[in-house]
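This report concerns the pockets, annotated positions and salt bridges of one protein model. The sequence and the structure come first.

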Amino acid sequence: MTHILAIDQGTTSSRAIIFDGDMKIVASAQEEFKQHFPQSGWVEHDPDDLWSTTAGTCRAAIERAGITAEEIAAIGITNQRETTLVWDKTTGKPVHNAIVWQDRRTSDYCREMRDAGHEEMFTERTGLLLDPYFSGTKLRWILENVEGVRARAEAGELLFGTVDSFLIWKMTGGASHVTDATNAARTLLYDIRKGRWSSTICEMLGIPMQMLPEVKDCAADFGMCRADLFGKSLPILGVAGDQQAATVGQACFQPGMLKSTYGTGCFALLNTGDTPVASKNRMLTTIAYQFDGKPTYALEGSIFIAGAVVQWLRDGIKIIREASETQPLAEKADQGQDVIMVPAFTGLGAPYWDADCRGAIFGLTRGTGPEEFARAALESVGYQTRDLLEAMKADWDADGEDVLRVDGGMTASDWAMQFLSDIIGAQVDRPEVLETTALGAAWLAGSRAGVYPDMEGFAKNWALERRFEPDMDDATRDRKYAGWKKAVAATMSV
């Protein structure tokens with residue numbers, strides 16, 4: 001029993017990865033699923049798709065690894081955060097599609113709450129802002145808008161959970177209704193200082209607290225999966241939201257360490273130690289990880305559209321067939337054109353938090369083509385990252401060298417990572433293991449199972465694959481970033 005099964009349930013696909021006793025990847029499987037857009041700004045998933053792709057990829061990964069369940073010591077889960085599900089506690093049947101973290105349907109309600117002066121109370125308790133990004137107002141929407149749901153919830157018939165809770169409930173046959181502290185901290189319902197659900201907030205949002213899952217450490221006993229799933233009942237011993245799992249996978253265990261993950265969105269986390277830092281620049285205060293009942297906190301900046309902008313080039317305007325085509329196109333772009341893309345397809349996240357603005361492209365000429373669009377798309381991710389890092393530095397300027405550890409699909413592009421280093425004016429470190437989100441989940445479960453080293457031993461194993469150093473002069477950096485800021489201001493003013 002030296003292998004770990006890591007489940008990485010993401011926004012556009014579900015993946016399962018088998019790690020061996022040396023934390024090396026043995027096999028993996030991945031399956032995309034359909035995105036549902038019922039109205040402008042609304043994003044949903046079919047819960048059955050989340051479950052079937054998760055179970056299917058787990059079985060496929062085990063088969064490809066050439067092992068049996070007997071050789072798996074534990075399961076670790078990492079998941080898209082904030083996505084909201086409500087299901088029947090007896091049958092497991094969802095009452096509505098999952099409302100995805102990108103969904104903006106509660107924008108008006110959030111604005112009403114802000115205008116009524118409630119945001120400070122929410123931020124003080126949860127570290128978050130009143131934004132439709134988080135689970136709390138999505139849950140309220142389901143209770144208010146799906147016929148019969150509120151009465152059933154108040155009668156104790158329904159359960160709420162983020163994706164991790166839903167998957168664990170399904171895997172354990174309904175025996176475990178649990179989550180971990182990092183996922184709880186993203187719901188807008190959890191008091192991150194007191195370490196418990198906030199009755200004050202739940203009452204304000206009209207949420208019956210009996211719907212809420214039990215909150216555990218990131219490495220804990222979350223339940224035993226059904227024996228019929230994989231041929232043996234396996235313990236689920238590690239859970240963390242995807243960005244926190246990546247923070248763990250990047251071994252950012254010391255205050256001041258910083259990582260940024262580039263998936264569908266982009267999420268930067270700065271470890272601030274055992275003290276929650278209140279942001280003055282509209283960053284989020286959150287839990288990085290929790291062991292032995294003690295949370296370690298972080299400042300987080302969230303960008304809604306990173307890799308999704310490349311998906312848009314592929315699926316929306318169809319100028320590429322594969323994501324890998326973006327870099328060669330960007331390399332051939334006309335250097336004389338300053339095309340800037342603000343990918344606010346679902347609003348802008350940190351530090352702007354404008355749920356209503358939409359995307360825009362500036363600087364188009366008759367000569368603008370796919371090459372310039374590709375370059376502008378990749379550059380938009382670098383610009384947005386700089387927005388986050390500048391806000392974080394203003395909130396909490398730690399001593400030490402400026403180093404950003406990166407991971408996620410977009411980091412495979414050398415061009416994008418070099419531009420990132422150039423525009424932030426700092427060193428960018430790409431690890432040997434780019435699957436740091438899954439690695440973090442695997443280590444949480446594996447360390448709990450006793451097959452992986454402790455935190456210190458894990459940190460020593462972190463290995464650099466490539467370091468990117470800034471190679472852009474200050475004048476060019478400042479000019480380009482000023483153009484970005486001007487484009488964002490114009491987009492938000494529409």
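This is a predicted model: local features need pLDDT of at least 70, side-chain atom pairs count only at pLDDT 80 or more; totals for chains, interfaces and linings use all residues.

**Largest pocket**

The volume of the largest pocket is about 1200 Å³. Its lining consists of 41 residues, and those nearest the pocket centre are Tyr-262, Gly-263, Thr-264, Gly-409 and Met-410. Two or more lining residues come from each of β2, β3 (25-32), α10 (242-249), β15, α11 (307-316), α12 (326-331) and α15 (436-449). Of the elements, α11 gives the largest share, with 5 residues. By class, the lining of the largest pocket has 21 polar, 11 nonpolar and 9 charged residues.

**Annotated positions**

An unreviewed UniProt entry lists Thr-11, Arg-15, Thr-264, Gly-307 and Gly-409 under "binding site". From this set, Thr-11, Arg-15, Thr-264, Gly-307 and Gly-409 are found in the lining of the largest pocket.

Where in the fold does Thr-11 lie? Thr-11 sits in the loop that joins β1 (3-9) and β2 (13-19). Its relative accessible area is 8%, so Thr-11 is buried. Apart from neighbours within four places in sequence, the contacts of Thr-11 are Phe-33, Gln-35, His-45, Gln-80, Val-100, Trp-101, Gln-102 and Thr-264.

Thr-264 is placed in the loop between β15 (258-262) and β16 (266-273). Thr-264 counts as buried because its relative accessibility is 16%, and the cut-off for buried is under 20%. With neighbours within four places in sequence set aside, Thr-264 touches Thr-11, Thr-12, Trp-101 and Gln-102, and also Phe-304, Ile-305, Ala-306, Gly-307 and Ala-308.

**Largest cavity**

The structure has 1 cavity of 30 Å³ or more. The volume of the largest cavity is about 40 Å³. Ser-302, Ile-303, Leu-348, Gly-349, Ala-350, Tyr-352, Gln-384, Asp-387 and Trp-484 make up its lining. At least two of the lining residues come from β18, and at least two from α13 (370-395). The lining of the largest cavity divides into 5 nonpolar, 3 polar and 1 charged residues.

**Salt bridges**

There are 32 salt bridges in the whole structure. The table gives some of them.

| Side-chain pair | N to O distance |
|---|---|
| Glu-300 and Arg-81 | 2.6 Å |
| Glu-144 and Arg-150 | 2.7 Å |
| Glu-154 and Arg-150 | 3.4 Å |

Glu-300 and Arg-81 form a salt bridge that links distant parts of the chain, 219 residues apart. Glu-300 belongs to strand β18 (residues 294-303), while Arg-81 is in the loop between β5 (72-79) and β6 (85-88).

Arg-150 is bridged to Glu-144 and to Glu-154. Glu-144 counts as partly exposed, because its relative accessibility is 42%. Glu-154 and Arg-150 share helix α5 (residues 149-154), where they are 4 residues apart, about one turn of the helix. Elsewhere, salt bridges with shared partners connect Arg-81, Glu-82, Arg-186, Asp-242 and Glu-300 in one network.

Technical notes. Residues are numbered from 1 along each chain as its sequence is written. Side-chain values use heavy atoms; hydrogens and water are left out. UniProt positions are given in the numbering used here, feature names are shortened, and annotations may be inferred rather than shown by experiment. On a 1 Å grid over the protein atoms alone, a cavity is a set of points where a 1.4 Å probe fits but cannot get out, and a pocket is an open set with protein on both sides within 12 Å along at least five of seven lines; lining residues have an atom within 4 Å of a point. Buried means under 20% relative accessible area, exposed over 50%, partly exposed in between (1.4 Å probe, protein chains only). Contact means heavy atoms within 4.5 Å. A salt bridge is a side-chain nitrogen of Lys or Arg within 4 Å of a carboxyl oxygen of Asp or Glu. Grid points are joined across faces, edges and corners, and a volume is the space filled by probe spheres set on the points. Ala, Val, Leu, Ile, Met, Phe, Trp, Tyr, Cys and Pro count as nonpolar, Asp, Glu, Lys and Arg as charged, and the others, Gly among them, as polar.
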